[in-house]
Amino acid sequence: MKKLFAVLILLFMLLSACQPAAETAVEDLPRAGEGVETSAEILVPDYLDPDLPAADRAADLLSRMTLEEKIGQMTLIEKGSITPDAVYDYFIGGVLSGGGGTPRENTPAAWADMVDAYQAAALDTRLGIPIIYGIDAVHGHNNLKGAVIFPHNIGLGATRDPDLVREIVRVTAIEMAATNIHWNYAPVLAVAQDIRWGRTYEVFSENTDLVSELSVAYLEGLQGDSLADPLTALGTPKHYVGDGGTVWGSSLQPNWEIDQGDMRVDEAALRQIHLPPYQANIEAGAQSVMVSYSSWNGTKLHGHKYLLTDVLKGELGFEGFLVSDWQAINQIGPNFYESVVTAINAGIDMNMVPYNYKLFIDAMTMAVENGDISEERIDDAVRRILTVKFQLGLFERPFSDPALLDLVGSEPHRTLAREAVAKSAVLLKDDADVLPIAKDTRLIFLAGEGADDIGIQCGGWTITWQGGKGPITPGTTIKTAFEDAFDGLLFYNRFGKYDHILDGNGNPAIADVGIVVIAENPYAEGEGDSSDLTLSDLEIELISRVAERSERVVVLVMSGRPLVITEALDLADAWVAIWLPGTEGQGVADVLFGDAPFVGKTPFTWPASMEQLPLGSYDTEPLFAYGHGIEK
Ligand code: GLC
């Protein structure tokens, strides 16, 4: 059909060229529906008119669509499960990269080529509806090698700085745009109440107001002043609602304990603790919301019509589209057909299938034919999806812009990340006033695996879903940063063994300062659910070993949540929480050696023992209160 348009327009142009200037450029031609007969029989449909409001364009396009095309728009598939040809054949509306869903060559150009290939196929369909390509760029464009990896949200929570968060995410949207991806499954709006949860580091805080403030800044950074701006991305506040309020032991996933579990609170608590960030993000312009795997008092959110439709779309006035989480519909019940019907009728609009899309499309088709899902519900979902696609400018700007490629991982972006790392550091204890370390310090010993490992420093959701140890992407480790930060000698030994370092008398040298990095290994989602956050015996021995060879000892806690450090607290003079800083380790050196002040405040209550979890379930004093952080 589009080719026919092109031929007619070309013919019209050729005929015009043979006659006195027709003075009527194509864009000045009468519009469909204006009832004017024209000699050239050219009518540009309303949905292709960029000057019309998105809602009008969506209504026009919807009126032209078949049921098959509508169901295709509601289907979101992982790129590993679908080819561009199948996007064409099934009129697919969305493609995503799951964690680690990279092209064969993990470079910005290869990413842009991959997305462009899906887009070209979509534009070839009868109505030429572009796909929307989504990704989890939760702390930078974190699947892309060479992208700047920012501190995870728990570190941003420690900065208490919405302007910084907004700027970080604006940069993230630019690095995403370089790969032609304009839909980010972020920010997380969870108000985590139990730090044993493996997703705690994706969360800004345990405090509802701080989550609202920083998640709105995150959304504003992504979406800018207009979604049509080529350097912006659609945000996706997630996971609606109460994903951070589930109870330990309620997860239905094998080997997981709390992730995707059941939130057992009354509606007043839901509305007081977990709902306000969504209200704030809707008011800030959220046009896509992802639904939570979790349940509320035993009912799966993905099938919860009251919360999805009556509360979010009705009471809160959400006009965007609801997207399901990864295969989450399957968890509603044992019968897939019934689960699909329940989910769509509850209010889900776009469905992250992500694998067997034919099964989903068949179930949807059958459900409409059986009358189990109404055409009105289908039209409502498709209208919401199309409206956002028009707002994003995808019809006018479907392909990548190679001029943006060099912006990925650029120095200004890294400098911003370095600033965020410094501001996220929380000085928990420094009784002996050890910090900052003087730059003329003679000898420093550094220990701990996390001191020299970019993968550990970045944490989960980096290059792969779970993240991983080692040089997984370009960046500056703590060790490299320290070597450049002071004038003296630094010896690094992962195990804190410096036997070969002797003083002038041939005795074991004593460092002026010993620095130990205690780190969590990378994890994501329920893989990080942990019943024991206390330091291991090996970690305590490491601190003691370094202390034996140092005048003063500083411990850096590189983790996705507070760890229970009480037993080791007195083994070191100073303790600093550096969370999961990402690729720019220099930010840690900046605060440790006095080039930046300590300003961070812990966004979570720091427990003295495991008995003090979940939040509020105890009346004894925590080790450090919510908001604690020494400034100097
Ligand atoms: C995951 C997560 C969700 C993410 C989605 C796509 O399972 O729950 O946060 O956006 O799948 O990767």
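**Domain interface and ligand surroundings**

In the predicted model, 53 residues of domain 1 are in contact with 48 residues of domain 2. The two domains span residues 10-404 (domain 1) and 411-612 (domain 2), and their C-alpha centres are separated by 37 Å. The size of an interface is often expressed as the accessible area that is lost when the parts come together; between domain 1 and domain 2 the buried area amounts to about 3,800 Å², with carbon and sulfur atoms contributing 63% of that area.

Polar and charged interactions also occur across this boundary. Between domain 1 and domain 2 there are 31 residue pairs in polar contact, counted where both residues have pLDDT 80 or more, together with two salt bridges. In a salt bridge formed by Asp161 and Lys423, the closest N and O atoms are 3.3 Å apart; Asp161 falls within the bounds of domain 1, and Lys423 within those of domain 2. On the side of domain 1 that touches domain 2, the elements that supply two or more residues are helix H6 (153-159) and helix H7 (162-177). The residues of this side of domain 1 comprise 25 nonpolar, 16 polar and twelve charged residues.

Helix H7 also takes part in a salt bridge with another helix. By the rule applied here, the count comes to 34 salt bridges, and a salt bridge is formed between Glu220 and Arg166, whose closest N and O atoms lie 2.9 Å apart. Because Glu220 is located in helix H8 (residues 208-223) and Arg166 in helix H7, this pair ties together parts that are 54 residues apart in sequence.

The surroundings of the ligand are formed by Asp136, Tyr185, Arg199, Lys238, His239, Met290, Tyr293, Asp325, Trp326, Met352, Trp461 and Glu525. For Arg199, a polar side-chain atom is found 2.8 Å from a ligand oxygen atom, while in the side chain of Tyr293 an N or O atom is 3.2 Å from an oxygen atom of the ligand.

Definitions and conventions: Residues numbered from 1 in each chain as written. Predicted model: local features only at pLDDT ≥ 70, side-chain atom pairs only at ≥ 80, totals over all residues. Heavy atoms only, no water. Domains from an automatic or database assignment. Contact = heavy atoms within 4.5 Å. Buried area = accessible area lost by both parts, 1.4 Å probe. Salt bridge = Lys/Arg side-chain N within 4 Å of Asp/Glu carboxyl O. Polar contact = N/O pair within 3.5 Å; in protein donor to acceptor, adjacent residues only side chain to side chain. Helix = DSSP H or I, 4+ residues; strand = E, 2+ residues; numbered from the N terminus. Nonpolar A, V, L, I, M, F, W, Y, C, P; charged D, E, K, R; others polar. Near = heavy atom within 4 Å.
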